[in-house]
Amino acid sequence: MAWLQKVIIGLVVIFLILAALVFSLNNQVSVSLNFLFFETPAYGVAFWLILSFVAGGIIGMLLTSLAMIRTSVSRRHLQKKLDHTEKQLEKARLEAGRTP
């Protein structure tokens, strides 16, 4: 089953590369972006779109990483609290077992 998954992933990657290539070839009109006082050099529409997708992917991965780090820290804190509570419970059981 692992080989089938690799083949499917390979086909999807090849399809995405071909789609990006066709998209780039069909959108070669050069445009420059203006925002307030900033103006970029003129590049193809495909370049700007692909750049925006890549930037969005990178920003998404960074935000997801921050959320994962926050979750990991919270999990460690809760694990320490659970360990401490279990020790207290065990100690209370031992003390209850000694006194009849």
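Where is the place of Leu11? I located Leu11 in helix H1, residues 2-26; helices are DSSP runs (H or I) of at least four residues, strands (E) of at least two, both numbered from the N terminus.

**Entry 1: basis of the model**

I note that this is a predicted model, in which local features need pLDDT of at least 70, side-chain atom pairs count only at pLDDT 80 or more, and totals for chains, interfaces and linings use all residues. Residues are numbered from 1 along each chain as its sequence is written, and side-chain values use heavy atoms, with hydrogens and water left out.

**Entry 2: helix H1 and its surface**

I looked up the accessibility of Leu11 and found 55% relative accessibility, so Leu11 counts as exposed. The terms are: buried under 20% relative accessible area, exposed over 50%, partly exposed in between (1.4 Å probe, protein chains only).

Phe15 also lies in helix H1, and Phe15 counts as exposed at 56% relative accessibility. I found both Leu11 and Phe15 in a nonpolar surface patch of about 1000 Å², whose other members include Met1, Trp3, Leu4 and Val7. Patch residues have over 30% relative accessible area and no salt bridge; like charges are joined within 9 Å, and nonpolar side chains (Val, Leu, Ile, Met, Phe, Trp, Tyr) within 5 Å. A salt bridge is a side-chain nitrogen of Lys or Arg within 4 Å of a carboxyl oxygen of Asp or Glu. Areas come from the Shrake-Rupley method with a 1.4 Å probe, and for residues only the protein chains shown count as cover.

Val22 lies in helix H1 as well; at 47% relative accessibility, Val22 counts as partly exposed.

**Entry 3: the strands and loops**

Is Thr40 buried or exposed? Thr40 is buried, with a relative accessible area of 12%. I placed Thr40 in the loop between strand E3 (38-39) and strand E4 (43-44). A polar atom of the Thr40 side chain lies 2.9 Å from the backbone nitrogen of Leu33. Leaving aside residues up to four places away in sequence, Thr40 touches Ser32, Leu33 and Trp48, where contact means heavy atoms within 4.5 Å.

I then turned to Leu36, found in the loop between strand E2 (34-35) and E3. Leu36 has a positive phi of about 55° although it is not a glycine. At 73% relative accessibility, Leu36 counts as exposed.

**Entry 4: helix H2 and distances across the chain**

I found Met61 in helix H2, residues 45-98; Met61 is exposed, with a relative accessible area of 55%. Val22 and Ala46 are 24 residues apart in sequence, and their C-alpha atoms are 9.9 Å apart in space.

**Entry 5: record annotations**

The unreviewed UniProt entry annotates "transmembrane region" at residues 7-25 and 45-69. Such annotations may be inferred rather than shown by experiment; feature names are shortened, and positions follow the numbering used here. I computed 100% helix and 0% strand for residues 7-25, with end C-alpha atoms 27 Å apart. Residues 45-69 are also 100% helix and 0% strand, and their end C-alpha atoms lie 36 Å apart.

For residues 26-90, UniProt lists "domain: Lipopolysaccharide assembly protein A" (unreviewed entry). I found 72% helix and 12% strand over residues 26-90, with the end C-alpha atoms 71 Å apart.

Notes: A polar contact is a pair of N or O atoms within 3.5 Å; within protein, one must be able to donate a hydrogen and the other to accept it, and residues adjacent in sequence count only if both atoms are side-chain atoms.
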